[in-house]
Amino acid sequence: MSPTPPAAESDPRESVRKRVLVVGAGIMGSGIAAQAALSGYPVTLVDVSEEFARRGRENATRALDHAVRKGTLGSNERDAALDRLDIGVGVARADSAQIVVEAAPENLELKRKVFAEIEAHAGADALLTSNTSSLPITAIAERLRDPTRLVGVHFFNPVLQMPLVEIIPGHTTRPDVVERARVFSESLGKTVVQSRDTPGFVTTRAMAVLVNEAAWMLSEGVATKEDIDTAYKLGFHHPMGPFELADLVGIDTTLAILDVLWDGFRDARYRACPLLRTMVSAHLWGRKSGEGFYRYPARETAT
Ligand SMILES: NC(=O)c1ccc[n+]([C@@H]2O[C@H](COP(=O)([O-])OP(=O)(O)OC[C@H]3O[C@@H](n4cnc5c(N)ncnc54)[C@H](O)[C@@H]3O)[C@@H](O)[C@H]2O)c1
């Protein structure tokens, strides 16, 4: 199936319908790539190795298959989306992308390095976005030649199912860049909220405290993990309990987020429960490693 042709520049909705480069083919990158391809964008999904990129495409395929099985997506639409999704290694393909979504691990120095490489390849007009869930956008942009072109575009997991995008302008981000990020996010069918560039923004700060408090309760023996999850689900109408959520997000990512919040606020509310640190050392990272608070058979590790 042929890729969607570039749309007329005169239509503001369609003016960003160009090639999307997704950097990092993990949980989020694979979901974002699937979503963008489904929404008509030609997409390149890249990672540090061919094997990781291929695994990312497999996860994107699984997410689309899941939607077909649920009846929310036709198999023709899935096939067309997959035709628009190719893979690669490294960020050199930024030279042919008009929109770049960085979804590399939650580490400031790594993201700065990745964006320096992206900037070396990307055209001056390319929209640069980071899917960071907690790191300051201003700090990620700090070493770019043009820090005004980077904006936070925070997707949620699993991307195909979650209707929200949180947009975070850095202190230096230009208003037209924020507007392009909004148009892009809405073209993916997402509802946008905007947050100031403070550690954890709105959503991650809320999520991290929720999971951390549950981990403290578990460590203190207040209740079993199953009962804590059930209490949140049936008591507060949460679709999943805090431990199920932590396993989905990744225990390593959750801990990294808490450490960013602690560094940013120096407030005891954000002191990570030692249980989370122990789990990360033991490689109990959640669904992605096959075990976190719960165990997952291999076929359930991707969403
Ligand atoms: N997991 C979630 O629920 C969630 C939700 C929203 C946002 N986020 C954010 O999204 C980002 C990615 O998180 P994730 O959970 O997908 O992580 P992940 O560990 O599943 O995936 C990260 C991927 O990036 C790759 N990578 C590492 N260095 C790279 C480089 N230099 N170039 C290209 N790829 C590189 C890794 O090989 C890996 O495949 C993080 O900033 C995280 O905070 C995560």
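Reader: In which loop is His237 found?

Author: In this predicted model, the phi of His237 is near 65 degrees, a positive value in a residue other than glycine. As for its place in the chain, His237 is found in the loop between helix 8 (225–236) and helix 9.

Reader: Is Phe201 buried or exposed?

Author: Phe201 lies in the loop between strand 8 (191–194) and helix 7. Phe201 has a positive phi of about 50 degrees although it is not a glycine. A residue is buried if 20 or more other C-beta atoms lie within 10 Å of its own. Phe201 has 23 such atoms, and therefore Phe201 is buried.

Reader: How many residues does each domain give to the contact between them?

Author: The domain assignment gives domain 1 (20–194) and domain 2 (203–300). Their centres, taken over C-alpha atoms, are separated by 25 Å. The contact takes eight residues from domain 1 and, from domain 2, 11 residues.

Reader: What classes of residue make up the side of domain 1 that touches domain 2?

Author: Domain 1 gives eight residues to the contact. By class, this side of domain 1 has two charged, two nonpolar and four polar residues.

Reader: Which element supplies the largest share of the shell around the ligand?

Author: By class, the shell divides into 15 nonpolar, 10 polar and three charged residues. Helix 1 (27–38), strand 2 (43–47) and helix 4 (108–121) each supply at least two residues. The largest share is three residues, and it comes from helix 1.

Reader: Which residue is joined to Asn157 by a cis peptide bond?

Author: Asn157 is among the residues closest to the ligand. The bond in question has an omega of about 0 degrees.

Reader: How many residues of the largest nonpolar core come from helix 1?

Author: The largest nonpolar core has 83 residues, of which Val22, Val23, Ala33, Ala34 and Val100 touch the most other members. This core draws at least three residues from each of domain 1 (20–194) and domain 2 (203–300). Helix 1 gives the largest share, and its number is eight.

Reader: Which residues does Ala34 touch, not counting residues up to four places away in sequence?

Author: Ala34 is one of the core residues that touch the most other members. With residues up to four places away in sequence not counted, Ala34 touches Ala60, Ala63, Leu64, Ala81, Val159 and Leu160.

Reader: Is Ala94 buried or exposed?

Author: Ala94 lies in the loop between strand 3 (85–89) and strand 4 (99–102). Its contacts beyond four places in sequence include Leu21, Val100 and Ile118. Because Ala94 has 23 C-beta neighbours inside 10 Å, Ala94 counts as buried.

Reader: Which helices do the buried residues of helix 10 pack against?

Author: Helix 10 (residues 251–265) has 15 residues and reaches 21 Å from its first C-alpha to its last, close to the 21 Å expected. Its buried residues include Ile251, Leu255, Leu258 and Leu261. The buried residues of helix 10 pack against helix 7 (203–219), helix 9 (242–249) and helix 11 (274–281).

Reader: Which residue follows helix 10?

Author: The residue that follows helix 10 has a positive phi, near 50 degrees. This residue is Arg266.

Note on methods: Residues numbered from 1 in each chain as written. Predicted model: local features only at pLDDT ≥ 70, side-chain atom pairs only at ≥ 80, totals over all residues. Domains from an automatic or database assignment. Contact = placed C-beta atoms within 7 Å. Nonpolar A, V, L, I, M, F, W, Y, C, P; charged D, E, K, R; others polar. Near = placed C-beta within 6 Å. Helix = DSSP H or I, 4+ residues; strand = E, 2+ residues; numbered from the N terminus. Expected span 1.5 Å × (residues − 1). Buried ≥ 20, exposed ≤ 12 C-beta atoms within 10 Å, placed from the backbone. Core = buried A, V, L, I, M, F, W, Y, C linked by C-beta atoms within 7 Å.
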